[in-house]
Amino acid sequence: MAARDAARRAGPARQRPDPAGKHYEEEEEEDALPDSDALPDSDDEVDLDKPRPIQIVLAHEDDHNFELDEEALEKILLQEHIKDLNIVVVSVAGAFRKGKSFLLDFMLRYMYNRTSPCWIGGNTEPLTGFTWRGGCERETTGIQIWSEVFVIDKPNGTKVAVLLMDTQGAFDSQSTIKDCATVFALSTMTSSVQVYNLSQNIQEDDLQHLQLFTEYGRLAMEEIYQKPFQTLMFLIRDWSYPYEHAYGLEGGKKFLEKRLQVKQNQHEELQNVRKHIHSCFSNLGCFLLPHPGLKVATNPNFDGRLNDIDEDFKKELRHLVPLLLAPENLVEKEISGSKVTCRDLVEYFKAYIKIYQGEELPHPKSMLQATAEANNLAAVAGAKDLYSKGMEQVCGGDKPYIAPSDLERKHQDFRESAVKQFRSVKKMGGEEFCRRYQEQLEVEIDEIYANFVKHNDGKNIFYAARTPATLFAVMFAMYITSGLTGFLGMNSIATLCNLVLGMALISFCTWAYVKYSGEFREVGTAIDQIAEAIWEQLLKPMSDNLMEDHVRQSVKNSIKAGLTEQVSHHARLKTD
């Protein structure tokens with residue numbers, strides 16, 4: 001891959017965050033390759049044992065299209081210990097070669113060492129994590145996420161999952177305007193904090209990236225009456241005018257207010273962006289970051305060591321990173337007023353990637369439709385999970401056999417609870433649109449219930465013995481019938497009975513071998529189905545009729561005996 005080849009050319013030793021978050025390890029140049037070579041091809045197995053950047057949105061340069069690596073995304077976000085946690089997604093986007101990956105690696109240092117006041121690292125420690133390097137050629141393509149999702153305790157006692165996202169730089173020589181807009185759009189739609197990484201100033205064309213979102217936001221607010229996006233942080237790198245606006249958040253706030261003023265001589269589109277941007281994002285911020293120094297910009301062997309970085313830059317970096325990632329500042333991802341879990345985010349990624357795979361940028365209405373679909377699919381997935389967990393507690397795994405009537409009653413209770421949860425989740429699309437997904441949920445729950453019924457029946461020793469009992473009953477009946485018809489001279493019928501007897505015997509032996517060896521399972525399943533059909537259509541009705549006749553005869557005999565006893569009693573009384 002292009003990113004992999006570029007990473008191999010980086011050369012200098014890098015520093016890898018230790019998963020335990022306690023220290024950093026120095027590595028030789030060849031040992032840095034696993035870190036730089038961390039972007040697996042889509043066919044490779046995603047290994048989560050060693051934290052590294054994983055490519056989830058692949059950029060195809062030949063046809064300028066994007067593909068979601070669903071398997072990689074699901075392996076990271078659907079881990080058992082995080083899939084139901086609310087997620088915080090911090091993304092960095094902007095023009096290429098402006099230090100996005102470099103910044104994210106300092107965020108990684110903070111996440112691994114956030115309890116230490118010296119989280120920024122030692123002066124001689126190289127910087128590693130997301131691949132980065134100096135120079136004028138791009139490094140990151142598509143969208144990458146860090147393979148380790150950090151579980152953080154917020155001050156209110158809740159746990160959240162924190163995901164760091166790196167994006168392809170915009171406006172390089174190999175990307176079209178549509179490519180740049182697609183990456184920026186995907187990262188903005190899926191993140192709770194979008195760091196808009198800009199160089200030196202906020203230019204007019206920098207705000208044009210936001211035009212698509214302000215229109216989307218206007219349509220979304222007409223439906224949900226809430227701001228569709230959360231935090232947008234303008235990060236102005238290499239700020240050269242501290243005498244006008246001081247470095248940091250306060251200076252950035254004053255600068256942003258000035259830049260977002262609506263003026264009469266501006267183009268109408270830019271005026272509309274400025275008018276709507278506040279109504280689309282719940283929180284707008286701006287941080288002014290100084291230049292890191294000439295050694296960073298001009299030294300081809302710069303590897304991220306702090307002693308090569310200017311003090312002003314390090315000072316502001318110590319303020320910026322906790323501002324975004326400190327537990328009290330974490331912003332949980334929300335869509336249409338509902339918190340998004342790790343599992344939900346997978347559905348949103350799947351929905352959004354589809355609408356950006358065409359030749360043209362999608363209309364904001366298409367974005368709204370995709371959000372509504374993903375919103376409802378996430379609600380369906382959550383409700384199904386609630387139902388499955390409830391049924392697992394009743395008859396899953398090693399739970400003993402439960403009576404079918406009790407199982408069905410539990411099914412109805414859990415089904416009702418799942419539908420109730422689906423309805424309680426805030427969703428987009430309107431009542432009619434959501435009803436389709438509720439019907440889909442009910443169908444899928446019924447399919448899950450059918451599997452639980454089969455699983456429960458498998459625990460019934462009599463059900464498990466149904467096939468051999470049925471085959472034995474067929475063999476016994478054919479043996480008796482064959483003997484009687486042969487005795488009466490009906491040889492053709494006797495031959496037919498013997499043929500059925502032989503087939504039943506062969507089926508019985510085959511079924512026994514399949515159950516013993518585990519081979520030819522399809523054949524065993526077919527025999528089970530045939531035996532079940534014979535049982536349901538023939539043997540069971542016959543046994544039910546015989547049982548009914550027996551009960552009826554027993555009742556008649558009891559009544560007759562009772563009447564006889566009463567008559568005898570009266571006769572004795574008269575005699576006395």
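Predicted model: local features only at pLDDT ≥ 70, side-chain atom pairs only at ≥ 80, totals over all residues.
**Entry 1: D406 and its partner**

Next I looked for a partner. D406 forms a salt bridge with R409, and their closest N and O atoms are 2.9 Å apart. Both residues sit in helix α14, three residues from each other, which is about one turn of the helix.

**Entry 2: salt bridges elsewhere**

A reminder to myself: side chains of opposite charge can pair when their charged atoms come close. I searched the whole structure for such pairs and got 15 salt bridges.

One of them joins K350 to E74, with the closest N and O atoms 2.8 Å apart. I liked this pair, since it links distant parts of the chain: K350 belongs to helix α12 (residues 342-355) and E74 to helix α3 (residues 70-77), 276 residues apart.

Then I turned to K159 and D153. They form a salt bridge whose closest N and O atoms are 2.8 Å apart. How exposed are the two partners? K159 has a relative accessible area of 44%, so I noted K159 as partly exposed. D153 comes out at 45% relative accessibility and is therefore partly exposed.

**Entry 3: back to helix α14**

Two packed helices are described by the angle between their axes and the distance between the axes. I looked up both values for α14 (residues 404-424) and α15 (residues 430-458): the angle is about 155° and the axes are 11 Å apart. That angle makes α14 roughly antiparallel to α15, because the cut-off for this label is over 145 degrees. The crossing of α14 past α15 is right-handed.

Which residues of α14 and α15 make the contact? On the α14 side I listed L407, E408, H411, R415, A418, V419, F422 and R423. On the α15 side I listed C434, Y437, Q438, L441, E442, I445, D446, Y449, F452, V453 and N456. Sorted by class, this contact between α14 and α15 holds 11 nonpolar, three polar and five charged residues.

Technical notes:
Residues numbered from 1 in each chain as written. Heavy atoms only, no water. Axes fitted to C-alpha atoms, helices over the stretch in contact; angles between N-to-C directions. Helix = DSSP H or I, 4+ residues; strand = E, 2+ residues; numbered from the N terminus. Parallel < 35°, antiparallel > 145°, perpendicular 65-115°, else oblique. Left-handed = near helix turned anticlockwise from the far one by under 90°. Contact = heavy atoms within 4.5 Å. Nonpolar A, V, L, I, M, F, W, Y, C, P; charged D, E, K, R; others polar. Salt bridge = Lys/Arg side-chain N within 4 Å of Asp/Glu carboxyl O. Buried < 20%, exposed > 50% of the residue type's maximum accessible area, 1.4 Å probe, protein only.
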